[in-house]
Amino acid sequence: MRHLLGATTCAMLVLWLVAPVLAQELGNAKPEEVGFSQERLDRITDTLKADVKHQVIPGATLLIARHDKIAYFEKLGSLDPDKNLPMRDDAIFRIFSMSKPITSVAAMILFEQGKLFLGNPIAKYLPQFTDVKVLMPNKDPNDRGDGSPYHLVAPNRAPTVQDLLRHTAGLTYGFWSDPVAKMYVAAGLFGGNYNNAEFVDRIAKLPLAFQPGTVWNYSNGVDVLGRVIEVVSGKSLYQFEKENILDPLGMNDTSFYLTDPAKKGRIAEGLSSDNKVFGFPLFDPTIQGKWEAGGQGMVSTTLDYARFLQMLLNGGVFNGHRILSPATVALMTHDHLGRIGPSTNLYIPGPGTGFGLGFAVRRSEGQATIAGSVGNYFWGGAAGTAFWNDPKLQMLVVFMIQAPKQGFHYQTLLPNMVYAALTDPSK
Amino acid sequence: MSHANRGLEEGNPEEVGFSRERLQRLTDHLRGEVDAALIPGATMLIARHGKIIYFEAIGFRDKSVQAPMTKDAIFRIFSMSKPVTSVAAMTLVEQGRLYLENPIAAYIPAFANVKVAVPRNDPIFFAPQGIDLVAPVRPPTVQDLLRHTSGLTYGFFETIVAKHYREANLFAGDFTNAEFAERLAALPLAFQPGAGWNYSHSTDLLGRVVEVASGKALYEWEQEQILGPLGMSDTSFSIADKSKHGRVAEAAAPDNLAGGAPLYDPRQPAKSQMGGQGMQSTALDYARFLQMLLNGGSFAGNRVLSPETVSFMTSDHLGLIPPGPSFYFPGDGYGFGLGFAVRRAPGLAKHTGSVGNFDWSGAAGTLFWCDPRRDFFALWMTQAPMQLFRLHSLLPNMVYAALTEPEK
């Protein structure tokens, strides 16, 4: 009980301190004012509390906003279960793949400036990719050539910047089961302390797993995109994002590494039973490394990410700061797959869903296994974080957690329960 | 709301949703392209809700003599002739004198015997051994000409009939549209009519169809139906008025070639009136044409087409017809209407734009697009053939970046 009271006092203090700032940016509303049922929102809170109690998750934050106003912002459970610290509004989470939308917006800023073209081959910016090959299975499994079941062919067309943004470049991830994924692991792609340029040198030496433009395959493509941004802008990825996205939007707690010692006590941690991503312990963001991984490397807070999402919902502007134009946001948040289907690996966007430039995009009312509007765009992170924007209903949701095994579960549960609580969407 | 009386007048960017600061970024970028010698010079015009909110002349009209670009410079618009010819054809469709479904042969009898080339393969080893000529499954129609599905091609594409096109001396001498149509009719089609979208001499042939159906020379019909009523007094196939000769914009070497030859001299009198590529125009002339289309077929009270006909032309006519066999210029996310590429998808494409946009461009680097949903158009004139593909992405990306009005 003392523990809970402490948390409440702490939260009130934080809210009181940040309230004037919030008023300028995202406002606050009573749930009913923007169409939500308090009773049904409480059901979400109760579910999260029960999961904390049963040690399914250490702690979490959940923010729901509609029409620029925060209708729900809860923090539950522990910030750091080992140290018994309560969750905070301003907790800092490893957002993993929720870095990708930020990197994608950074690329589209250069696109708007006439410096980057979706149709250009990656090799135009990264010459290492000039002679990239595609690994193909041999047609005859008993091929007597060199004994390998695979051979290399030239790509049917060069992988493009658009391919990187929509995961159709033919790149893969080491945790998949295709043969190139195994080559990623064998090549020690992630060994040592390297920067984006060195990472691209490494990955460009390996073949593509699929012909460019033929399948959607989740991949290190957005890490490569991060290097494209560096080459085109002449700045490090973080420096470019800081100047063009993070600072204008006031995302002061979003970065690749936490250099400010004052922020160290705000880092959320996982339960000892669930604190590994693909076998690796959650990284320590206070250890300054060189790699600014545009596909996975960032930490952020609930409110920082909410600002980013509100900017997108507003058609590229937030709090007077123009990041992109409405038409560019529309280009990013509509389907770019068309008839391009999934690869042999998992199609994370799910049924009824295509992919835009950095986001999964809901294509149909039905087919999907989660509630949502056509036009919703969303993504999640490997440590369990998730978000979605609903442009039709002018709603954004940010869920922050450090519980890798629970990600897929909550990415289904939350839309279902949040839409269940939106009982008057006409408001 | 009827826009029949809407013309073009001056306006401020902010009044119609554009950011002045971001338009300035566009201007700065384009000046940088002049400084970097990517383009010699250009004119660019953007109008929204009938108001010209951006009209710039940058760089040189003729770099070889350091003559600055002027807003009234005359450009070779090449394939931007096609939309004008297509509108000319649709004026005849509206008058009941031309039918989209009619075989071309109904207007040009020589096409009654046109054949389709199919590959002839060795019966045992399937090695290619030239072509066979077969009858078309259905005759090519006027609609096929307007949407590039006729089976015709261009000689610069590597199709099955490329050799035939190159050896046919299609461009020999100073020829009329009637003569050009006869030359085309003697060549086999590259594919079955309606089987694919393939950029081609179709619109040149359409020009001859317009002549036969109207009983007038193409330019005379266009003058009467389009150019005269819209006040497009600087738009023509060759520039007869010597007082205009000093306004012709020139390309700068080495980027001054189209099809391997230096850009033609439009000051030379010629019989040729090629509806697919032969016109010269200015920014303000072509802007009137585009505003007429955005207005639903009328400009400042002068009606050229009805709103229904314009919307019919600017809707997709391909459906399931696939691209090919040659390069698909409209691009991912685009179909093709009657004379224009038409945007079908909000995503997929490699540049920004609204669903329903219709656009086209010319081989010397000119391009335009109309956005009916957001009620604006952008028009770009330059003479720099090698830069066309890049600009075709760059300009929409930067113009839409400047349209900051919130979406409805």
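## Core around Ile46(B)

In this predicted model, Ile46(B) touches Phe18(B), Leu23(B), Leu26(B), Lys51(B), Ile52(B), Ile53(B), Tyr54(B), Phe376(B), Phe377(B), Ala378(B) and Val399(B), not counting residues up to four places away in sequence, where contact means heavy atoms within 4.5 Å. Ile46(B), together with Ile245(A) and Phe308(A), touches the most other members of the largest nonpolar core, which has 156 residues. Such a core is a set of buried Ala, Val, Leu, Ile, Met, Phe, Trp, Tyr and Cys residues joined through side-chain atoms within 4.5 Å, buried being under 20% relative accessible area, exposed over 50% and partly exposed in between (1.4 Å probe, protein chains only). Apart from this core lies another, of 90 residues, among them Phe180(B), Leu294(B), Phe336(B) and Leu379(B).

## Contact between the chains

Chain A brings 22 residues to the contact and chain B brings 24. About 1,900 Å² is buried between chain A and chain B, with carbon and sulfur atoms giving 60%; buried area here is the accessible area (1.4 Å probe) that two parts lose on being put together, summed over both. Of the area that chain A buries against chain B, Glu112(A), Phe117(A) and Pro326(A) supply 26%, more than any other three residues.

Two salt bridges are counted between chain A and chain B, each a side-chain nitrogen of Lys or Arg within 4 Å of a carboxyl oxygen of Asp or Glu. The side chains of Glu112(A) and Arg25(B) meet in a salt bridge at 3.7 Å, N to O.

## Basis of the values

Residues are numbered from 1 along each chain as its sequence is written, and chains are lettered from A and ligands numbered from 1 in the order in which they are written. For this predicted model, local features need pLDDT of at least 70 and side-chain atom pairs count only at pLDDT 80 or more, while totals for chains, interfaces and linings use all residues, and side-chain values use heavy atoms, with hydrogens and water left out.
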